[in-house]
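User: Please take a close look at one part of this model: the place where the two chains meet. Keep it brisk.

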Number of protein chains: 2
Amino acid sequence: MQSRKEMMQNRREIAINKLKGLGSQIIEDVNKNTVPAVRVPSRGTSNLVYDTDRRYYVLGDRYGKRSLGNVKQVKKIAQMVTMANFCKDLIRTNKTATIRELYYVSEGWDVDFGDQQESNIIGEDLEVTLGMTREDLGLMPEEDGASVYGNLILKDDDVEINAAKSGKSGYTISPTIDDVEFIDHDVQRVIAVETMGMFHRMVQEKAYKKFDTLIVGLKGQAARATRRFLKRVNEELNLPVYICNDGDPWGFHIAMVIISGSAKLAHVNHDLATPDAKFLGVTASDIIKYDLPTDPLKDIDVLRLKELAKDPRYKNEFWQTEIKKMLKIGKKAEQQSFSKYGLEYVVETYFPEKLDAM
Amino acid sequence: MQSRKEMMQNRREIAINKLKGLGSQIIEDVNKNTVPAVRVPSRGTSNLVYDTDRRYYVLGDRYGKRSLGNVKQVKKIAQMVTMANFCKDLIRTNKTATIRELYYVSEGWDVDFGDQQESNIIGEDLEVTLGMTREDLGLMPEEDGASVYGNLILKDDDVEINAAKSGKSGYTISPTIDDVEFIDHDVQRVIAVETMGMFHRMVQEKAYKKFDTLIVGLKGQAARATRRFLKRVNEELNLPVYICNDGDPWGFHIAMVIISGSAKLAHVNHDLATPDAKFLGVTASDIIKYDLPTDPLKDIDVLRLKELAKDPRYKNEFWQTEIKKMLKIGKKAEQQSFSKYGLEYVVETYFPEKLDAM
């Protein structure tokens, strides 16, 4: 089998070839005396398709054409090519840059960007045109990923890391997680929780032993690195992934973006979505069954729940029932609210009952 | 010398004794037929004193009295005593709880809180009355601390952690950092940076080797655990601490709260402030000297800079000059803006020049 290192080396070579290809194509056009043009797949909502087989959004087949024959498009093509050249150097020197750094680097270019927004868009154009993720091109998100605690051994460069021996806050998923190899593990599943409060509760109550599980602390909306990590443990290690969030529309959607990707990132959902991950968080049924301390739904919660009910990612019976029930009772609850029954309750009673019901 | 474990054991015993003392005092009063009362030091602004010797805010000697003879105060005393009892159990069982969990736990009490705000205030009353930090009482902040990369060996329970071998995102400071022992290190200093983007830049450019330094990624406003960590490396390991933030009033103040504590937490600044830490971040002078890409100061930046100029923590010549200069040029700059001169510039040129100038 191909090692992670070889696989990533291949991906880097593919990225370099695609980046070079973008430039050679323009040179070829010039040599052939035709006006150079680049085809950029459209990321507009009209080109967003929910793929029911893959269970996430993908891009349709519309695209725009950027031509050097169009004065308005000349600068954009120049920026794209200059950025591609910068990315090629990044990959060759085995470095990465944040999109913020890239923006400042461009201050030294003849075709610099007006603002960060402009530079981000060209970055996305490059992703979608080459069909590669930003990370493949060496452009990293600023933020770190989730915390991981439990019996998983990883290898990053020459360093072996034991996620059960990295301190109480566990191993932090870095933006370069694609380069990290999974060496060994001794778990049956992965349980991701929304807050670090719940993460620390699970570590303290030894949930990793009790459920033979990795514990993942998402810290709210999951970073791209976290989503790539969860996809890999699910697909490479064949571990079931459960997402245990708060019982409100925001908790639901944090889980759903992990499961079924986001609309905004349709062009890279194939690298980010984990369609087999399951929501195991607080539901409206749980609020009733466990008589949890609640907060009333705010207007914005109600609005959001109604949006979710119409979203194709929530079309199955489970979600339709639970969203309706939550709107009916008009209440939401945080996972930490189980502390009403004592700090241990969530690990000793609630999780076992939920896992049994799966 | 006393080991960290013994020291923490002592602190736990002191905490338990103080918590018990709160209850016994009330029982004694009852036995003596006097109306029980608790003295709670005042945390109001009129009782805030900037201590020029210690170089941080402390509380003055005003206090309020809560008496069981006052109907309005009965519930508050009952809540305080019930919370004290809960904390005693936490410490005894070697557990911790977040203040969010504590709030939900209180739903099971006869004297539950109306909302989280109410429960937080009683928690602070308890801290200030007993003269101990919230962490001493087992009540942890929700959020994790900074990321640490470099040659530092720590011990957490029986696990040894090497902060140079914990992955690209380093070791994460956990809320229970007080229990963690420093075993060994091979560094000359500590450089803390505001963003994880800069943290990863420094790791990639091997700044830990170049400057024999620990790299600390603050992730914005420093968590309490981060501040306790920086204080300990400074005082226990005698390492100079440099804080390298963005050149704007928010970057300045993130550094200042690490150095000189916050006004809101005057009652625990003795456990949080690191008065010998130095600001090594982007200044108005740097913006001019390095001709950095800038953003214009917004109204809110100008307002904040004027506030800082009047704050006793900023009264020295360095700050007064730099604040005035920034107001004069009307510009601010992020640390990542050095990328204008290439990704390596910040580590190869800027930091060495700044460290030399210290």
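Analyst: The contact takes 38 residues from chain A and 38 residues from chain B. Two residues are in contact if their C-beta atoms, placed from the backbone, lie within 7 Å. This is a predicted model: local features need pLDDT of at least 70, side-chain atom pairs count only at pLDDT 80 or more, and totals for chains, interfaces and linings use all residues. Residues are numbered from 1 along each chain as its sequence is written, while chains are lettered from A and ligands numbered from 1 in the order in which they are written.

Now the side of chain B that touches chain A. The elements of chain B giving two or more residues to this side are strand S5 (97-98), helix H3 (99-105), strand S9 (159-162), strand S10 (171-172) and helix H5 (196-204). Helices (H or I, at least four residues) and strands (E, at least two) are DSSP runs, numbered from the N terminus. By class, this side has 17 polar, 11 charged and 10 nonpolar residues. Ala, Val, Leu, Ile, Met, Phe, Trp, Tyr, Cys and Pro count as nonpolar, Asp, Glu, Lys and Arg as charged, and the others, Gly among them, as polar.

Next, symmetry. Chain B is superposed on chain A by a rotation of 180° with 0.0 Å of shift along its axis, at RMSD 0.0 Å. The two copies are thus related as by a two-fold rotation axis. The superposition is by least squares on the C-alpha atoms of residues with pLDDT of at least 70 in both copies. Of the interface residues of chain B, 100% are also interface residues in chain A, so the copies meet through the same surface.
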